[in-house]
Amino acid sequence: MFTKTVNGSATAPSGRLLAFGLWLRNHQVVVRRLQWAVVGIYAILLIVPVLMPLPGLASHIWNNVTVFAQFVFWGIWWPGVLVSMLLFGRLWCGLLCPEGALTEFASRHGRGRAIPRWVRWPGWPFVAFVLTTVYGQMTSVYQYPAPVLLVLGGSTVGAIIIGYLYGRNKRVWCRYLCPVNGVFGLLAKLAPMHYGVDRAKWDLNAATHSHEHRFNCAPLVAVKNMESPSPCHMCGRCSGFHDAVSLEARHPNDEIVRLSSRTATIWDSLLIITGLMGVAIGAFEWSSSPWFVEIKQMLAMALVNHNIIWPLQATLPWWILTDYAAQNDVLTVLDGAVLLGYIATTAVVLSVLISIPLKLACLLMRSRGGQPFFHLSHALIPLAACGVILGLSAQTVTLLRADGFALAWVPMARLALLIAATAWSWWLGTSILVRKDGRAVQKGAASLMFALALAAPVYAWVLMFWIW
């Protein structure tokens, strides 16, 4: 076991974590077999339901493959993956993700072209997340297997194509274009473990370990300079390299409070505030919102009064807008327009209500420019993550209740998680502000402004789960 130096003090990596990292490095064949097993399960859950009739009223998780696949994908898989990011970093990406395995396999046998500039555009994580989220709502991806195949299967095909065209043995898709890459990277900042790198030991042993087995970092991370687990897929291939890389525990708040002051970007802030706390909330709540119904009725009356009837009757193909007449589930053009407007308005309103207090907090601390704002927005990650997990788990609860499970404890569990996440975000924001120069009264006022920024998204979730 080797030690590393952090802030001038020597610490030893946890023995079990270190051993697990080395085990992963030495058993990559096992890891690849596990990945291909997940690919097989993923393919079955993705394709088989499309070939089956849509489930009827008597269909349940235990007797219908479509309902079972729906429960696995949206009730267990995706909420579980997000929780795993908070607990283990991007271990899912490195060990289990089917798209990661497929894009790396395609890259291994592909053309190996240089990665073009358009692929490396830093705005893709935000844009891809927003487009995928909104499109999923338009096509009812949580309810029907065909949109699942189109959204998730389309992403998988994209991963294979990008892998085939660019890089060599690399995960170019995962690093730049995956729709959830940005979200995973943000959540991994809170993980209590990471691969720590001792730069001094790396440089010291680089010459003496010249014949050491080289590793391939598939997600294109410069391991020697790696400080954050955000881009790291936790695959273990680099573990023990130059006796300088080890899987180890860390304080889950440290990166947000300290490192993010140098690494936070405008795209992070957009993804956190507008994406996870704006677009996602609008996407989760529109179907239960009385405001949505009132707006639609008001517009319908206005159209009828002007003798414009077609938006109330016209439909679009299912792959553009939900159209399942046999299930009495059809969105008209008017429905689709109101849906898009509702999500967009929610995103804009919440972005403004969150951003203004954050900016005021920065001004109170006399922090000018973009970086202090971007840094402070990272403190919102716990609440943003909690909201998305609660939103996805709502599908879990809906399916289980439909099958007769009472789940009376769910409202209290949701409330406890929301309170804990809000308190965590407030603690991170206050910790960031305390480290800045200024008088105690300035820091107190700035902390209150940050608390005000948390109020709007919390109220939105309260509306969805306890009022509507």
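**Entry 1: two loop residues**

I began in the loop between α10 (199-205) and β4 (245-249), where Leu220 has its place. I took helices (H or I, at least four residues) and strands (E, at least two) as DSSP runs, numbered from the N terminus. Phi of Leu220 is near 65°, a positive value in a residue other than glycine. Leu220 has 27% relative accessibility and counts as partly exposed. For these classes I used a 1.4 Å probe on protein chains only: buried is under 20% relative accessible area, exposed over 50%, and partly exposed in between.

I then looked up Asn169, in the loop between α7 and α8 (172-177). Its phi is near 60°, again positive in a residue other than glycine. Asn169 is partly exposed, with a relative accessible area of 26%.

**Entry 2: what I am reading**

The model is predicted, so local features need pLDDT of at least 70 and side-chain atom pairs count only at pLDDT 80 or more, while totals for chains, interfaces and linings use all residues. Residues are numbered from 1 along each chain as its sequence is written, and side-chain values use heavy atoms, with hydrogens and water left out.

**Entry 3: the chain as a whole**

I noted 19 helices and 6 strands in the protein chain. Its C-alpha atoms fill a box of roughly 80 × 60 × 45 Å along the principal axes.

Of the 468 residues, 54% count as buried. I also checked contacts (heavy atoms within 4.5 Å). Among those between residues at least 6 apart in sequence, 81% join residues at least 24 apart.

**Entry 4: nonpolar cores**

I defined a nonpolar core as a set of buried Ala, Val, Leu, Ile, Met, Phe, Trp, Tyr and Cys residues joined through side-chain atoms within 4.5 Å. The largest such core has 104 residues, of which Phe73, Trp77, Phe184, Leu187, Leu358 and Leu380 touch the most other members. Helix α15 (residues 333-364) gives the most to this core, with 11 residues.

Neighbours within four places in sequence aside, Phe73 is in contact with Tyr42, Leu45, Leu46, Trp78, Pro79, Val148 and Leu152.

**Entry 5: cavities**

I searched a 1 Å grid over the protein atoms alone; a cavity is a set of points where a 1.4 Å probe fits but cannot get out, and lining residues have an atom within 4 Å of a point. Grid points are joined across faces, edges and corners, and a volume is the space filled by probe spheres set on the points. The structure holds 3 cavities of 30 Å³ or more.

The largest cavity has about 100 Å³ of space. It is lined by 14 residues, and Thr66, Gln70, Tyr144, Pro145 and Val148 are the closest to its centre. Helices α2 (28-51), α3 (65-88) and α7 (145-165) each supply at least two lining residues, and α3 gives the most, with 5. The lining has 11 nonpolar, 3 polar and no charged residues. In this count Ala, Val, Leu, Ile, Met, Phe, Trp, Tyr, Cys and Pro are nonpolar, Asp, Glu, Lys and Arg charged, and the others, Gly among them, polar.

The second largest cavity has about 90 Å³ of space. Of its 14 lining residues, Cys217, Cys232, His233, Cys235 and Cys238 are the closest to its centre. That lining divides into 11 nonpolar, 2 polar and 1 charged.

Key: On a 1 Å grid over the protein atoms alone, a cavity is a set of points where a 1.4 Å probe fits but cannot get out, and a pocket is an open set with protein on both sides within 12 Å along at least five of seven lines; lining residues have an atom within 4 Å of a point.
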